[in-house]
Amino acid sequence: MHTPSSTATSTAPGTVPGRTSPAGPLERTAGAAEAPGTGPAGVPRRPLPERFTAWLNDPEDPFWERPAPTPAQRRNDVLGTAAFLAVALFSAVLMHSYAGVPETEEPWLMYVGVSALILPLAVRRRYPVGVLLASSVLFFAFYYISIAAAFLLAYQVAYFAALYAAVAWARDRSAMLTALSAVIGCMALWLVVELTITQAYAEIVQAQEPVDGPLPQVLAVQLHAGLVNVVYFGGAVLAGRASWRSALQRHRLAGQAERIREQSAEIARRAVVDERMRIARELHDVVAHHVSVIGIQAGAARKVLDRDPAAAAAALRTVEESSRTAVGEMRQLLGVLRAEDENGDAPTGRRPDPGLADIAALAHRHAENGLAVDVRTVEAAPGDLGRVPAGLGLSVFRCAQESLSNVIRHSTATTASLVLRTGHGPDGSWIELEVLDGGSPRSGTEGTGFGLQGLRERVRLHGGEAEIGPRSGRPGWRVRVRCPLPADGPPDGAAAPAPVGGSGA
């Protein structure tokens, strides 16, 4: 058995609570003396209660409130306490059977004492300070009511658990510090009385046979009792402190993870917005081309209307076709915010936007980088590719560009196939782009996924669908996008694009 001690309240040797890091060489001067009440470099020391609070809790957030136990934790407390009580009572039966109880004590008091100290543990995480105070009173009382109960290991473990739970789970840290200080102070006073005034330990030694040891028996018993209590109470406080700080660390990590998730979502949102802005600029250029054609053809029709009605009619047909295409492009543009350049001026010196006719050149450029691309076209009807609007052709080209770039960056493949096909279905005509490779993922090249998000945005903008992912049943990656074609003829009266067939090998 042990009795309490007050040494658990001391800090670790050599530790200065409240400092974030030890003073470096530049913070001190050799032989410099520190004034009373100041730390190194003349920094005033905080009051002892504040330093102890910072040490026991956390220097940055000493009064953080740990979340209350969950229903599952409360249920586990009840079940765990019931199991512990059953084991403790069985242990008491065994002790009663082989060691007996003092003649001056009723046997049932031992069972009552150990049960009284264990039962409050069922609510130790809900009411940690209350359980600490109740367990301390019971610990004192049954030490005198039933010395047999006090000698049980379960009795000591139960009080240790109450001390630990108070430090680990108390939400009101000020109330916990007050209660803990009062308990340790009373235990220290009790220990002093037991060791000096009442001479309880001296009487125990006198009842035993003399032992020839390095230290006097009475002194050895007193030192042993003090050491046991320091380890007992200090261990409970340190274990509870570690648990509370671990919960605080988990809380901080959860907050950081939530902030990271929010930042990732914001980055993804901004990537989509930026991609939409880029698409809006490209569509704006296409629509501007149609409007320019309309203006030129309308002016020509006005000039030849009286002299050559047939030429005027042809010009007006071109105006009609261009205006219809422009309206379609503008419908796609609605809802997409167009960002201005940083200087507020329109970009100058831009090259014509690429389209389907540039896919063969794109394949050749990738061949120079070590990726042989086999480009094929499959038209359901001759001239289908010539009916692809400029805006849609630009998006298909960008999808092919992103897909082939991903093969080079993220795959071990050295060859890829690119197929452009058209078809007709119940909902009308469509154009499809399919890019396949047979390589394996290249290690250490994980991307952000924003390129694929932009690809999907382009396809969605034209009312199409995209399938992106690993190939089924074989190695490699597959990108397939399909977009509907307009029901009218070639856009803006321009010539059909050049053939895109060929190979980039």
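The model contains 11 aromatic pairs, where rings of Phe, Tyr and Trp (its six-membered ring) pair if their centres lie within 6.5 Å, and planes under 30 degrees apart count as stacked, over 60 as edge-to-face and the rest as tilted. This is a predicted model, in which local features need pLDDT of at least 70 and side-chain atom pairs count only at pLDDT 80 or more, while totals for chains, interfaces and linings use all residues. Residues are numbered from 1 along each chain as its sequence is written, and side-chain values use heavy atoms, with hydrogens and water left out.

| Pair | Centre to centre | Angle between planes | Class |
|---|---|---|---|
| Trp 64 and Trp 244 | 5.5 Å | 65 degrees | edge-to-face |
| Tyr 159 and Phe 233 | 6.2 Å | 80 degrees | edge-to-face |

Each pair links distant parts of the chain. Helices here are DSSP runs (H or I, at least four residues), numbered from the N terminus. Tyr 159 in helix H6 and Phe 233 in helix H9 are 74 residues apart.

Accessibility is described by relative accessible area: buried means under 20%, exposed over 50%, and partly exposed in between (1.4 Å probe, protein chains only). Trp 64 is buried at 8%, and Trp 244 is buried at 0%. Tyr 159, at 0%, is buried, as is Phe 233 at 1%. Tyr 159 and Phe 233 also belong to one aromatic cluster, together with Phe 139, Tyr 155, Phe 160 and Tyr 232.

Tyr 155 and Tyr 159 take part in a helix contact as well: in H6 they and Ala 154 and Ala 158 meet Gly 113, Val 114, Leu 117 and Ile 118 in H3, contact meaning heavy atoms within 4.5 Å. By class, this contact has seven nonpolar residues, one polar and no charged. Helix H3 (residues 107-118) and helix H6 (residues 153-169) pack at an angle of about 20 degrees, with their axes 9 Å apart. Because angles under 35 degrees count as roughly parallel, H3 and H6 are roughly parallel to each other.

Elsewhere, Ser 91 lies in helix H2 and is partly exposed, at 32% relative accessibility. The C-alpha atoms of Ser 91 and Leu 152 are separated by 8.0 Å, although the two residues are 61 residues apart along the chain.

Conventions
Axes are lines fitted to C-alpha atoms, for helices over the stretch in contact, and angles run from 0 to 180 degrees between N-to-C directions. Helices (H or I, at least four residues) and strands (E, at least two) are DSSP runs, numbered from the N terminus. Angles under 35 degrees count as roughly parallel, over 145 as roughly antiparallel, 65 to 115 as roughly perpendicular and the rest as oblique. Ala, Val, Leu, Ile, Met, Phe, Trp, Tyr, Cys and Pro count as nonpolar, Asp, Glu, Lys and Arg as charged, and the others, Gly among them, as polar.
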